[in-house]
Structure formats: structure tokens, C-alpha cells
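Biologist: Please take a close look at one part of this model, the spaces in the protein and what lines them. I would like one connected account.

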Amino acid sequence: MIITSTDEAHAELARLFAQSHRMTGFTGAGISTECGVPDFRSPGSPWMKHRPIDFSLFIADPLAREEAWRRKFTMDDMYAGARPGRGHRALASLVASGKMGAVITQNIDGLHQAAGTPADKVIELHGNGTYAKCLECGQRHELADVRQEFERTGAAPECECGGVVKSATISFGQAMPEEEMRRAHEETLTCDLFIAIGSSLVVYPAAGFPILAKRNGATLVIVNREETQLDDAADLVLRGDIGSILSPFAASQ
Ligand code: APR
């Protein structure tokens, strides 16, 4: 069933939330666009200007690393000051109520945590862009220090151990984080309601979780402005603006 009326969407969500014993949230870039963070595939997205730099190229080519850091800092300046939106706050309230066990997110902007969802309830499948780490020894590197060094030397940063330093995000071609994948799998299989919000659902393995939830007997709800690849599999599609659809469930902050 596809609903385009916001009022009807509110009523349906309230009914589903009331009858659910355990929900899992799943989010993509669409939940952050109202916060000023661009998504990846909407027309005009700045991310569409460049081909993503594959992990193998980042490792092999210092020039690719320099370009990757340049893009990262440009985007960070766009994100700077981004505050959580109505969708983040709604999920934070659902987690605080005990109804939602965890939020599986593809986003790297840290806005679920900033909205008050405890970090241990946010499962970041594509890592986190608010810090960097050494690919060799795993040491954490603060972005402010990395940026200062990068702007001073123009060279991509290296760790004291000689390892390559990278933003703590998962790039195309990079192995998915094992613990996060395990936890996402577990939360997907324990919920009776799986709500996928603001994702085009085209990137795997992340987009496999809504399918797994449905196959496991959960009710699958998709909230998105445009059609997604999994609309046909969903029990309910709420087509519209995420902030408007979820705002009644966001505790006022
Ligand atoms: N309300 C509703 N839907 C919205 C809104 C909004 N305010 N803003 C954007 N959307 C929708 C877009 O229509 C789009 O379908 O959110 C979806 C975002 O899809 P993508 O841009 O493809 O982002 P996402 O699905 O998160 O991408 C997955 O791809 O590039 C990789 O690693 C990156 O995590 C990312 C992954």
C-alpha cells in the first residue's frame, strides 16, 4: 500500500507503532537532507559531481588520498553546524521509549547520536565521518589535527606507525565492519516492524537488511520522497517528506 497523505501516514504509523513489540530503524541520507547534509542520488547532489574513490585506489595512490581528503574537508564544511532533524528526533524518542531496539544507519554524519540516540543503539554500517583512524594500527586521529597537517603540507596524513590514515568511513571496495554487520543482522531478525527511512535502497549489503526483515516475517515500512528499489516488497510505503511524516513522533527539544 502506498500512502501520500501526511495525515494518513501519521495515523498508519501511530497504529503500527502501538501494535509493535520491537522495532528496528534503518536510515539513509534522506533523513539528514533537512539538516543541510546533501544526499547522494537526488538530482543536484554534490556527491554526483565525482566518481567515488575506491578503497584500493585510496590505498595505492597518494594523489587519490589527497583528492579524497580534499573532498572530505569540503563536505565537512557543508555539514559543519548541521543539527539533527525531525526524523532523527523521532527515532531518538522511539529508542528512548524502549519500542525501537536500534537504528541501523548508512549515514556517517553522527546526527542520530546528536539527536540523543545512545551511541550503542546506533549501528553505523558505513562507519563515521567525524574522526579518522590508521588503517594499520587502528589508532584514532582527530580530524582537526589531520586537517591542520593536510593544509600545512598538502600531503595525505600518515600515522606515527607509518600506516595510512583514513576517515573512519567505509568506502566502496572496503570490507564492511564485522561487528556492526553482526548487530544489524541480529536487530533485523528480532524486530516485528522494520522501518526504512530516507534511503534509495540501492547499495548492498545494507539494502539486504529490509529484505531480510520482510523474509523473517516483520512488517516492512518504507518512508521516502521517491520510489525505492524495495517498494514492491514493502507492506507500507509512505511517500513524502520524512520530517513532516515523522514530526509527530519527535519529542520537542
Ligand atoms: N524526505 C523524504 N525523502 C528524502 C528526503 C526528504 N526530506 N531527502 C532525500 N530523500 C530521499 C531521496 O529521494 C532518496 O531516494 O532519500 C533517498 C536518499 O537516497 P541516497 O541519496 O541514495 O542515499 P542512501 O540510500 O543513504 O545511499 C546509500 O550510498 O553512496 C553510498 O555510502 C553511501 O551510505 C550511502 C549509500
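Modeller: The model is a predicted one. I start with the second largest pocket, whose lining takes at least three residues from each of domain 1 (1-37 + 84-126 + 176-253) and domain 2 (38-78 + 129-169). The space in this second largest pocket comes to about 300 Å³. Its lining consists of 15 residues, and those closest to the pocket centre are Gly127, Lys133, Ala168, Ile170 and Pro177. Two elements give two or more residues to this lining, strand S5 (127-134) and strand S7 (165-169). S5 supplies the largest share, with four residues. By residue class, the lining of the second largest pocket holds seven nonpolar, five polar and three charged residues.

The ligand site can be described in the same terms. Domain 1 (1-37 + 84-126 + 176-253) and domain 2 (38-78 + 129-169) each give at least three residues to the shell around the ligand. There are 21 residues around the ligand, and the ones that come nearest are Thr33, Phe40, Arg41, Ser199 and Ser200. Sorted by class, the shell has five nonpolar, 11 polar and five charged residues.

Ser199, one of the residues that come nearest, places a polar side-chain atom 2.7 Å from an oxygen atom of the ligand. Gly198 takes part through its backbone, where a polar atom is 3.5 Å from an oxygen atom of the ligand. For Asp241, the ligand atom concerned is a nitrogen, and an N or O atom in the Asp241 side chain is 3.0 Å from it. On its own the ligand has 730 Å² of accessible area, and the protein covers 94% of this.

Searching the whole structure gives one cavity of 30 Å³ or more. The largest cavity contains about 60 Å³ of space. Its lining is made up of Ala29, Val37, Pro38, Phe40, Tyr79, Asn107, Ile108 and Asp109. Of these lining residues, six are nonpolar, one is polar and one is charged. Phe40 links this part of the account to the ligand site: Phe40 lines the largest cavity and is also among the residues that come nearest to the ligand.

To put the parts together, the second largest pocket draws its lining from both domain 1 and domain 2, and the shell around the ligand also draws on domain 1 and domain 2.

Notes:
Residues numbered from 1 in each chain as written. Predicted model: local features only at pLDDT ≥ 70, side-chain atom pairs only at ≥ 80, totals over all residues. Heavy atoms only, no water. Near = heavy atom within 4 Å. Polar contact = N/O pair within 3.5 Å; in protein donor to acceptor, adjacent residues only side chain to side chain. Areas by Shrake-Rupley, 256 points an atom, 1.4 Å probe, with all protein chains shown as cover. Nonpolar A, V, L, I, M, F, W, Y, C, P; charged D, E, K, R; others polar. Domains from an automatic or database assignment. 1 Å grid on protein atoms, 1.4 Å probe; cavity = no way out; pocket = protein on both sides within 12 Å on 5 of 7 lines; lining within 4 Å. Points joined across faces, edges and corners; volume = space filled by probe spheres on them.
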